[in-house]
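Let's take a walk through this structure together, one part at a time. Keep the picture open as you read.

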Amino acid sequence: MEDCIIVGAGPAGLTAAIYLARFHLSIRLFDCGSSRAALIPCTHNHAGFPEGISGLELLRRMAEQAELYGAERELARVTRISPEDQGFTVSVEGRDFPARTVLVATGVVNNRPSGMEEVLHAQALANGLLRYCPICDGYEVTDKRVAVIGTGSHGTAEALFLRGYTRDVTLVSPEAEHDLDPECAAQLDQAGVTRLKGPCGDYAIEGDLLAFDTAHGRMRFDSVYPALGSRVRSDLAAQAGAQVSKEGCLVVDAHQRTNVPGLFAAGDVVKGLDQISHAMGEGGVAATAIRNYLGELKPLRR
């Protein structure tokens, strides 16, 4: 029986794996290979990397560090977490693994622009033409022509945030009409944010710009931010009995504990802040809480 099984190998899960392995605990980590961090071409917000680091390279280094101290990592998808009398059974593609505790660090999945092909999506991300986190990379679009695909309060908030980097911000509705209340419309007008109607389609890279059709004709931008929300991957924990917020996030206390004893959660599956540093911090808190929880059940000795 493992001391802890970690579900998810993004910044939160890998940080926890490093901590837990260095606590001399037996750790198994399952990685389905779809961490959002892997999609980051280069982050300049991560402290300690002034020249930036790609998401893939950061994850590679973190996984290497966890494995150095004895964490077992496997590329596989967890299909179920079942609470038992003493711990849990974690089902993984037809196999079952017992564990005293489980940490869920499954993150979220961004909703992508409808109709954008996978190859184009990957290329646009790599070239900085498509971006998902203005907090992370708004600096890189300073004084450039930027579009936000979205509407409502979420689209408005993202457009207003980006207005702090450039005067040329356009909010494009993903469908035929915008869904803006008077307050949102007034805020956009006051900030000088242009509004265009969709639907958006026929995406293509044209020169150094990302182009797509709108109701107002074909438009081209230096960078495009989809503000289309995301899907929280909390299903596994919810099926195990964990409480979920109205937004779909797992509800935890200050020590990353869910309402199910022995079941912990960290990262964007708890709060979708889209920040590597925040996810790593929660991973460290969760790992320490797991170690202390195990120590209360049975004193830990070498």
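## Finding a way in

Let's start at Ile290: setting aside residues within four places of it in sequence, Ile290 is in contact with Cys4, Leu20, Thr101, Leu103 and Phe264. Bear in mind as you look that this is a predicted model.

In general, nonpolar side chains in soluble globular proteins tend to be buried together. Here, the largest nonpolar core has 32 residues, and the members that touch the most others are Cys4, Ile6, Leu14, Leu20, Ile27, Leu103 and Ile290. Who supplies this core? At least two residues each come from strand E1 (2-7), helix H1 (11-22), strand E2 (27-31), helix H2 (55-68) and helix H8 (276-297). Apart from this core lies another one, with 26 residues, including Ile5, Val78, Leu236 and Leu250.

Now for two of those helices, H1 and H2. A packed pair like this is described by the angle between the two axes and the distance between them. For H1 and H2, the angle is about 20° and the axes are 8 Å apart. Angles under 35 degrees count as roughly parallel, so H1 and H2 are roughly parallel to each other. H1 passes H2 in a left-handed crossing. On the H1 side, the contact is made by Pro11, Leu14, Thr15, Ala17, Ile18 and Ala21, while H2 brings Leu59, Met62, Ala63, Gln65 and Ala66. You've met Leu14 already, as one of the core members touching the most others.

Next, look for Phe97, which sits in strand E6 (residues 95-104). Is Phe97 buried or exposed? Its relative accessible area is 15%, and buried means under 20%, so Phe97 counts as buried. Leaving out residues up to four places away in sequence, Phe97 touches Ile5, Arg28, Phe30, Glu74, Phe88, Thr89, Val90 and Val92. One of these, Ile5, belongs to the 26-residue core. Gly150, on the other hand, is 53 residues from Phe97 in sequence and 42 Å from it in space, C-alpha to C-alpha.

Last stop: a sheet. This one is open, with three strands in the order E11-E12-E13 and antiparallel pairing. From one strand to the next, the twist averages 25°. Strand E12 (residues 209-214) pairs with E13 in the antiparallel sense over five bridges, and Ala211 stands opposite Arg220 in E13.

How values were computed. Residues numbered from 1 in each chain as written. Predicted model: local features only at pLDDT ≥ 70, side-chain atom pairs only at ≥ 80, totals over all residues. Heavy atoms only, no water. Core = buried A, V, L, I, M, F, W, Y, C linked by side-chain atoms within 4.5 Å. Buried < 20%, exposed > 50% of the residue type's maximum accessible area, 1.4 Å probe, protein only. Helix = DSSP H or I, 4+ residues; strand = E, 2+ residues; numbered from the N terminus. Contact = heavy atoms within 4.5 Å. Pairing = 2+ DSSP bridges. Axes fitted to C-alpha atoms, helices over the stretch in contact; angles between N-to-C directions. Parallel < 35°, antiparallel > 145°, perpendicular 65-115°, else oblique. Left-handed = near helix turned anticlockwise from the far one by under 90°.
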